[in-house]
Amino acid sequence: MEARRTWIVVIPIVSVLLLSGCWDRTEVNDLAILTAGGLDLTEDRKLELSVKQYLISPSSSEQSGSFSSDTGGGSGKSVLRSSRGVSMADAESHLQQVLSRKVFWGQDEVFVFGQRLAKEGLAEPMEFLTRHPIPRERANVFVSQSPAKEVLELDPPIERSVSQALRKMAENETGLNITMKELAEMMAGRSRSAVIPWVEIKPGDGKQAAFAHINGTAVLKNGKMIGRMNDAETRGIMWLRNEVKKATVTVSPGKGKGLVSLQLLRSRTELIPHIEGSKWSLTVRIETRDDIIENTSEFDLSLPDHMNELERELEDDIKRRIQMALRRAQKEMKSDIFNFADAFYRKYPREWNRNKGRWDDLYSNLEINVQAKVKVVRPGLTNKSIFKPEQR
Amino acid sequence: MGKTNGFGSRGPRSNQREAERFAHQEENRQLDQALSANLAENVQALQRLYTRCSDVIFHEFCIGNRMEAVLVYIDGLAHIEEVDQHVLAPLQQDFPMDFTLADIRGKIAVSSIKPVDTIVKVLEEISGGNPVLLMEREPHGLAIGLPKWEKRAIDEPSAESVLRGPREGFIESLRTNTALLRRKIRTPHLKIVTMSMGKYTSTQIALAYLEGVAAPSLVEEMTSRLQRIEIDGILESVYIEELIEDNPFSPFPQLLSTERPDVASAYLLEGHVVVLIDGTPSVLIAPITFYSLLQSPEDYYERYVVGTAIRWLRYLFFLISLLGPSFYVAVITYHQEMIPNALLITMARSREQIPFPAIVEALLMESMFEALREAGARLPKQIGTAVSIVGALVIGQAAIAAGIVSAPMVMVVAITGVASFMAPRFTVGIAIRLLRFPVMVLAGFLGLLGLIMGGILILNHLFKLRSFGAPYMAPLAPMQWRSLNDVLWRAPRWLMTKRPHMTGAWNPRRQPHGQRPGPHKGESGD
């Protein structure tokens, strides 16, 4: 009796499994593994979607019959395909027509928007990329000076593909490192302003192939690109956004000609908003700890006086960098890319809600007070330079 | 066979059984007959039973040149030289006029002499190797304890070798095995109860337990389960295992079999019972938990840090051997986005020209591996190496070169193969290897979902399983914190103050607390 009951349960389960089979299985050799995507606006105002498909060449090792993995270098292993459509989803569906294998966005690491499209607005493609379940939220986003297709066409000699090269450059944290998720948050956030790393192509000369590199930042407001900041200003943005991980600051302290360079150990940026009456202001407090890595000045780092003076110099330098970025963002672009809006909202939610309609106005007139505090913790064992200073 | 035509044939079958039982009883009545005072009659009865048994010797002689007697023994089982020297020689000397049975016993210079008074007892003694002396006008025979048969020397069990620790193993002789136990545990509390089983084999079976440590209910349960067995013959411990286990359909062993006296002794000291079977070196231990199958005696003979680390390694590789290929199949056919980019590209490249789906590839390679293992295990050593060389070439090299299977798959299969050999008990290793296949099929159909389903089913079964009433997954389920000492890590000896709860609850205290050694141990104030 019990045995029969068991079979009544087991037989349907087994037949469901066996009859359904593996209908939705996809073998890796049926997939077009897309590692990078690029979006451009064409002359006829259509979207052009370009993708970099990783070319999985049947590795030579399999023919030679040994275990050794492929020894072929990194370059020339990807193919570029593009399709056009009126919207991102439309273009994406046409993509399958030019690819023999199933489009697979699951490994997409990089998304590049062309400058033209960025100026026109990124809202539509972002809607697709965040809603569709497959594209990675952790993919890096970039805005390219040239059409995105041209960036994707490059084949870097070192990395596996251009996507890998761009992603690694972003991860080095010399510039901004923005993922799709962060971009979506910024675009949908209170400040409605976003920053995306700016990619330029360094044209090749006879000796070297062209390569793409990050150089500055594209600034977006309400989903549209309104300007670009250069490298130095980008550093200022990073200080303000509390994203500085690595920095080398070189100052030339007051007297003497030499230079002192410091390397950042740790840095913390705090935004402290104030509202007094109708006057909105904000204090930026930056605390850093540093190493001294080079000293060609007259300074004797074992003397507290000299050290204090050096620290003041450094503080001024950091402030200068920040002011530079602030001035452009606040006065010229009027774009709250530092997300001051959130800081105000957190501290004064009621006032914020009452005034959120005129935030643009408030922001451009915001009084910003930058305080920097530098502490040199490791001056090194050679206090004063043991070599002849002032010698170049 | 009985199962296929099981329905409707109950009537005739029970009739047949009835007849069988009747015949059996008839035979028993004959055997239960007491010995008569007439020697010729007794010898005749025995000879009728032992017709066409060329190895049974009836040696006729006269005690003290006066009294007729017959010595019955089986050639090859009795120690003939000793019998000649200590039985026949003294008895054939001159005797005083009126001698009694006691005088005869006194003449025989053998320590173990037992009077026997029924035919069945005579048979038992003879087949046990003890010559029986039957005498004229005497309704008693004398069984002389001089058995001797060829047996193997005690050596290290090859399936359970250790680097450190005793190298002796059980052998096929029950007496030697009980002696090995008795030599380790010298207390009279070690009880060894023998019984004989098997209609034709009359195999001797010994139930060993430590009185005062093993729960009486457990001993009782084991005894009753053993006594329930009705079988024609017992040739190996598994005959008994299959007749007394709790769940006969489970792939997991519910009794532990070992060939090591030290392992058996360790379990005895924890309150388990041990069943020794004549004719096989493996003894059965019950009850056991799942974790005891993943423990090796080496764990206890190494330093506890090492023992713990190795134990965890074993747990890890146990999971790998169960789920490794399934995980690979699931991820590569359904969840490509889970694989890191660089790894996926490498895998994709090696799979580029493979004609089969991953699940087919996996089933192919896994069955190939099982076939190779089986072929290598059953062959003589010289041919076994040839098989493994061919196997390595075929599955390792040629298959990849020909583009039939991908290199990562070969790696996965190899890793799971090695992992399954890490289980210190063959029985659990093979169970896992078999379970791997259904899980693999599930993973091939349903991806990680199927993998999880398979895992849940197996876990469910394990949690339900019992070994002699003891939960199989104890002490994790049900949770017994103290007993985790021997599961999550191998606690140092001075911390193992309590026996595991499952079997040791009857007498939990193993040793006093506070024996942690140190340089100042034993000084005043400590």
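In the predicted model described here, strand E10 (residues 248–251) of chain A runs antiparallel to strand E11 (residues 260–276) of chain A, and four bridges link the pair. Within this pairing, Thr250(A) faces Ser261(A) of E11(A). E11(A) also pairs with strand E12 (residues 279–295) of chain A, again in the antiparallel sense, here over 16 bridges.

The domain assignment gives domain 1 (30–55 + 76–229) and domain 2 (231–392) of chain A. Their C-alpha centres lie 31 Å apart. Where they meet, 17 residues of domain 1 of chain A are in contact with 18 residues of domain 2 of chain A. On the domain 1 side, the elements that give two or more residues are strand E7 (193–202), strand E8 (211–221) and strand E9 (224–229) of chain A. E8(A) provides the largest share of that side, with five residues. By class, the domain 1 side of this contact comprises six nonpolar, eight polar and three charged residues.

One backbone detail of chain A also deserves a look. Most residues other than glycine have a negative phi, and most peptide bonds are trans. Asn339(A), although not a glycine, has a positive phi of about 60°. Asn339(A) sits in the loop that runs between helix H10 (304–332) and helix H11 (340–347) of chain A.

Turning to the contact between the chains, 26 residues of chain B are in contact with 25 residues of chain A. On the chain B side, at least two residues each come from helix H11 (304–334), helix H12 (341–351), helix H13 (358–378), helix H14 (381–401) and H16 of chain B. H12(B) makes the largest contribution to this side, nine residues. The chain B residues that touch chain A divide into 13 nonpolar, nine polar and four charged.

Chain B also holds an open sheet of five strands, arranged in the order E6-E7-E9-E10-E8 with antiparallel pairing. Strand E6 (190–197) and strand E8 (256–258) of chain B are the edge strands, each having a single partner, so one side of each has no neighbour in the sheet. From one strand to the next, the twist averages 25°. At one end of the strand order, E6(B) pairs with strand E7 (residues 203–210) of chain B through eight bridges, in the antiparallel sense. Thr194(B) stands opposite Ala206(B) of E7(B). Helix H6 (residues 174–184) of chain B packs on the sheet and touches E6, E7, strand E9 (273–277) and strand E10 (283–286) of chain B, its direction making about 10° with that of E7(B). Helix H8 (residues 237–244) of chain B packs on the sheet as well, touching E8, E9 and E10 of chain B, and its direction makes about 25° with that of E10(B).

Two cis peptide bonds can be described in chain B. One joins Ala286(B) and Pro287(B), with omega about -10°, and Pro287(B) is placed in the loop between E10 and helix H10 (297–301) of chain B. Another joins Ala477(B) and Pro478(B), with omega about 5°. Pro478(B) belongs to the loop between strand E12 (470–471) and helix H18 (501–504) of chain B.

Finally, an unreviewed UniProt entry lists residues 273–294, 315–334, 384–405, 411–432 and 439–463 of chain B under "transmembrane region". In the model, residues 411–432 of chain B are 82% helix and 0% strand, with end C-alpha atoms 19 Å apart. For residues 439–463 of chain B, the corresponding values are 96% helix, 0% strand and 18 Å. Helix H16 (residues 426–446) and helix H17 (residues 448–464) of chain B pack at an angle of about 145°, their axes being 6 Å apart. The crossing of H16(B) and H17(B) is right-handed. Residues of H16(B) in this contact include Leu435(B), Pro438(B), Val439(B) and Leu442(B), while those of H17(B) include Leu449(B), Gly450(B), Met453(B) and Ile458(B). The contact of H16(B) with H17(B) has eleven nonpolar, two polar and no charged residues.

Note on methods: Residues numbered from 1 in each chain as written. Chains lettered and ligands numbered in written order. Predicted model: local features only at pLDDT ≥ 70, side-chain atom pairs only at ≥ 80, totals over all residues. Domains from an automatic or database assignment. Contact = placed C-beta atoms within 7 Å. Nonpolar A, V, L, I, M, F, W, Y, C, P; charged D, E, K, R; others polar. Axes fitted to C-alpha atoms, helices over the stretch in contact; angles between N-to-C directions. Left-handed = near helix turned anticlockwise from the far one by under 90°. UniProt positions renumbered as here; feature names shortened; annotations may be inferred. Pairing = 2+ DSSP bridges.
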